[in-house]
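This briefing covers selected strands, a helix, a loop residue and the ligand site of one model. Please read it with the sequence and the structure open.

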Amino acid sequence: MIKLDAMENPYDLPEQLRHDWLQHLAGVNLNRYPDADMLPLRRKIAKRDGVDPEQVLLGNGSDEIIQMLLLATNPGTCVVPRPTFVMYDMISRWLKRPVASAPLRADFSLDADHFLQVCAREKAEIAFLACPNNPTGNLWDEETISRIARGLNGQLVIDEAYGPFAERAHTHLISSNVMVLRTFSKLGWAGLRLGYLLGDADQIAHLNKVRMPYNINALTQASAEFLLDHFDVFEQQAAVIRSERERLHKALARIKALTVFPSQTNFLLVRVPDAAAVFTGLKQAGILIKSMHGADPMLAQCVRITVGTTEENDAVIAALKEMSL
Ligand SMILES: Cc1ncc(COP(=O)(O)O)c(C=O)c1O
């Protein structure tokens, strides 16, 4: 099965790097608890991202950091755009935190004034903006995001899970109430479960109080420290994925029955005549994608296709061309 349903990087580690990584892991003492403070790893990440190690909080995937944020922030409403990444809403509800949403416009752009009005009306304590957004794939314009950053009274979390595939980052907006969330999952380390939050040092210290002491296991810590020294490999893979995304976009846009939305991520949102039929047809062709139909009225008859390798993308193009859409 060609797996294009979870926004994973389709490329595994190159042979030599895999060999060296395994040798590095052989030095880990499994009988010992992991390093709870993880200063060496935070230092490496901080250096790469141009912040201080005290500004870095590590999580077992960014999902865990979303949970920490929703646990540690004052009780009060969480505001999100709609549609967006489902975990903001789900985790808020698990934690009995009210959630309010501001719908995107029909073209998936975000109305900053309306978003801020909803935040003010609901007395938002926290808001999440996925930049670029999942599942729509687009990146809201800079002025929209900075206006929300300036105008919000509560905490703003700018989630850059798809940052490696986007034309712009937002670390310059970090302040006492604006944080940036990142993950290594989409860059090729989904199996390691490692995400991080960048923010004001006081905010990070506050959030660190709800972090489980050993939330990042020893193998993940050792892997990340090793792989960060070979980051060019993953940056090159991301560049290939970006150019494959453009190629896939063009090829699918040529199929009359499809509407392909602009993407700054490693996936494409595509409106098809019948999402269930396309999902089943691709599955029969050995390709697994995600149907978004039913997730939100704005996503009616939409499917989300992760960008794969050249061969995988060719298989998607061929299968969709063959279907009588
Ligand atoms: C916008 C966004 N944020 C966060 C995540 C979670 O990533 P992870 O927990 O793998 O770091 C995802 C996963 O799909 C996502 O789409």
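The model is a predicted one: local features need pLDDT of at least 70, side-chain atom pairs count only at pLDDT 80 or more, and totals for chains, interfaces and linings use all residues. Residues are numbered from 1 along each chain as its sequence is written, and side-chain values use heavy atoms, with hydrogens and water left out.

- Strands (E, at least two residues) and helices (H or I, at least four) are DSSP runs numbered from the N terminus.
- Strand β3 (residues 78–82) runs parallel to β5 and is joined to it by two bridges; two strands pair if DSSP finds at least two bridges between them.
- C78 has I126 as its bridge partner in β5.
- The pairing of β5 with β6 is also parallel and has five bridges, with I158 in β6 as the bridge partner of L129.

- Helix α6 (residues 142–151) has T144, I145, S146, I148 and A149 buried.
- The cover over these residues includes α5 (112–121), β5 (126–130), β6 (155–159) and β7 (178–183), where contact means heavy atoms within 4.5 Å.
- N177 sits in the loop between β6 and β7, and it counts as buried because its relative accessibility is 15%.
- Apart from neighbours within four places in sequence, N177 contacts A149, L152, N153, G154, Q155 and L156.
- A polar side-chain atom of N177 is 2.8 Å from the backbone oxygen of G154. Such a polar contact is a pair of N or O atoms within 3.5 Å; within protein, one must be able to donate a hydrogen and the other to accept it, and residues adjacent in sequence count only if both atoms are side-chain atoms.

**The open sheet with β13**

- Four strands make up an open sheet, ordered β9-β10-β13-β12, with antiparallel pairing.
- Its edge strands, β9 (259–260) and β12 (290–291), each pair on one side only.
- Helix α9 (residues 231–253) packs on this sheet and touches β9, β10 and β13. The direction of α9 makes about 10 degrees with that of β10; axes are lines fitted to C-alpha atoms, for helices over the stretch in contact, and angles run from 0 to 180 degrees between N-to-C directions.
- Strand β10 (residues 267–271) is joined to β13 (residues 302–306) by five bridges. L269 has R304 as its bridge partner, and R271 stands opposite C302.
- Two bridges link β12 with β13, and S291 is partnered by V303.
- Five of the five residues of β13 are buried: C302, R304 and T306 point one way, while V303 and I305 point the other.

**The ligand**

- The ligand is surrounded by 14 residues, each with a heavy atom within 4 Å of it. The closest are S62, D159, Y162, T183 and S185.
- Oxygen atoms of the ligand lie 2.6 Å from a backbone N or O atom of S62, 2.8 Å from a polar side-chain atom of N134, and 2.6 Å from a side-chain N or O atom of T183.
- The ligand on its own has 400 Å² of accessible area, and the protein covers 93% of that (Shrake-Rupley method with a 1.4 Å probe; for residues, only the protein chains shown count as cover).

Note on methods: Buried < 20%, exposed > 50% of the residue type's maximum accessible area, 1.4 Å probe, protein only.
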